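Here is a short report on one protein chain. Keep the sequence and the 3D view open as you read.

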Amino acid sequence: MKRGVSTLSIAASLGLAMLPFAAACAKKTPTTTQEARPPVAAKPEATPVPPPPKAAPPVDETVDISVLDIETLNKKGYLTDAFFDFDQADLREDARSTLATDAQWLKKHGSVQVLIEGHCDERGTAAYNLALGDRRANAAKEYLVSLGIDASRLRTVSYGKERPFCTESDESCWQKNRRAHLVITAK
């Protein structure tokens with residue numbers, strides 16, 4: 001039968017087909033330890049994070065706020081903003097200090113009501129930043145409440161990245177946008 005010849009020609013064909021693979025399996029010279037190490041890249045220099053914007057100058061506490069309109073009260077800077085680190089809603093120590101000062105002022109002026117706006121820098125999606133801004137505003141509110149401010153005097157809103165204070169695309173500008181901004185809404 002021709003079966004023997006067919007089998008022989010199939011085996012020869014397979015042998016020829018396997019020849020390139022056999023060459024790939026040829027023994028290579030061993031790799032030295034030095035060659036096996038990945039190349040060492042120079043470490044990038046860490047960019048320093050700038051400090052938060054300076055606090056507003058002290059305001060005159062002797063002014064009777066009942067004679068001032070709400071717009072003027074907000075411009076005078078009786079309440080200052082709390083700043084946050086990138087992608088964080090935890091209050092930093094400087095933010096706690098700022099909010100403690102705000103709480104003292106709010107205790108002296110028990111009828112004042114405040115809107116706490118949560119803001120973010122431009123990085124991230126709009127939806128993500130709205131959620132992050134909400135967490136920042138609520139963190140500031142919870143801290144003020146823990147310091148004795150009645151929660152009914154405080155409302156929160158998140159603007160995410162939609163209302164930036166600074167529009168440059170660098171870290172010092174982004175730091176200014178990561179904030180809980182306190183706005184007097186009623187006195």
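## A pair of strands

L115 has R155 in β3 as its bridge partner. Strand β2 covers residues 113-119 and is joined to β3 by six bridges. The two strands run parallel. Strands count as paired if DSSP finds at least two bridges between them. In a regular strand, side chains alternate between the two faces of the sheet.

This is a predicted model: local features need pLDDT of at least 70, side-chain atom pairs count only at pLDDT 80 or more, and totals for chains, interfaces and linings use all residues. Residues are numbered from 1 along each chain as its sequence is written, and side-chain values use heavy atoms, with hydrogens and water left out.

## The sheet

The open sheet has four strands in the order β1-β4-β2-β3. Its pairing is mixed. β1 (82-83) and β3 (154-160) stand at the edges. Each has a single partner strand, so one side of each is left without a neighbour in the sheet.

## Helices and the crossover

The chain has six helices and four strands. Both are DSSP runs, numbered from the N terminus: helices are H or I with at least four residues, strands E with at least two. Along the sequence, the pattern reads α-α-α-β-α-β-α-β-α-β.

Helix α5 (residues 126-146) lies across β2, β3 and β4 (179-186). It runs at about 155° to β3. Axes here are lines fitted to C-alpha atoms, for helices over the stretch in contact (heavy atoms within 4.5 Å). Angles run from 0 to 180 degrees between N-to-C directions. From β2, the chain crosses through α5 to β3. This β-α-β crossover is right-handed: with the strands pointing away from the viewer, the path from the first strand over the helix to the second runs clockwise.

## The disulfide

How many disulfides does a search of the whole structure find? It finds one. A disulfide is a pair of cysteine sulfur atoms within 2.5 Å. Here C166 is joined to C173, with S to S at 2.1 Å. The link is left-handed, with -130° about the S-S bond.

C166 and C173 are both buried. Buried means under 20% relative accessible area, exposed over 50%, and partly exposed in between (1.4 Å probe, protein chains only). C120 is buried too, with a relative accessible area of 2%.

## The whole chain

Of the chain's 187 residues, 31% count as buried. Among contacts between residues at least 6 apart in sequence, 76% join residues at least 24 apart.
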